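Reader: I have a protein model to look at. Could you take me through its labels?

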Amino acid sequence: TGNLTAEYVENDVRHTLFEMNLPIPAYLFSFAAGNLVEKKVSDRIYAISEPEIIDKLVKDMEDLGDALKIAEELFTDYQWGDYK
């Protein structure tokens, strides 16, 4: 994931800028547009979705922190900052 570096509104258009300091393969890149909100799931994990379903998504993702810890024990630490 990229790390949020700036957010601003210009000419009634909201701009959100991210920075990714680690090289990643192109197939790991994605972007989204729309009426989206973000909600924290755990200390490093966030859910992003439409406001109408964000609480359900957070509930569905509540065990992801445990899965991430197990994956780090088996392989290597997740080095890309927050998991979004």
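Author: What follows sets a few labels against their definitions. This is a predicted model, where local features need pLDDT of at least 70, side-chain atom pairs count only at pLDDT 80 or more, and totals for chains, interfaces and linings use all residues. Residues are numbered from 1 along each chain as its sequence is written, and side-chain values use heavy atoms, with hydrogens and water left out.

Reader: Why is Phe75 called exposed?

Author: Exposed means over 50% relative accessible area, buried means under 20%, and partly exposed is in between (1.4 Å probe, protein chains only). Phe75 has 69% relative accessibility, so Phe75 counts as exposed. Phe75 is found in the segment after α2 (64-74). Helices such as this are DSSP runs of H or I with at least four residues, strands are runs of E with at least two, and both are numbered from the N terminus.

Reader: And why does Glu7 count as partly exposed?

Author: Glu7 comes out at 45% relative accessibility, so the label is partly exposed. Glu7 lies in strand β1 (residues 3-10).

Reader: How many helices and strands does the protein have?

Author: There are 2 helices and 4 strands. From the N terminus on, the order is β-β-β-β-α-α.

Reader: What share of the protein is buried?

Author: Buried residues make up 14% of the 84 residues. The C-alpha atoms fill a box of roughly 50 × 30 × 20 Å, taken along the principal axes.
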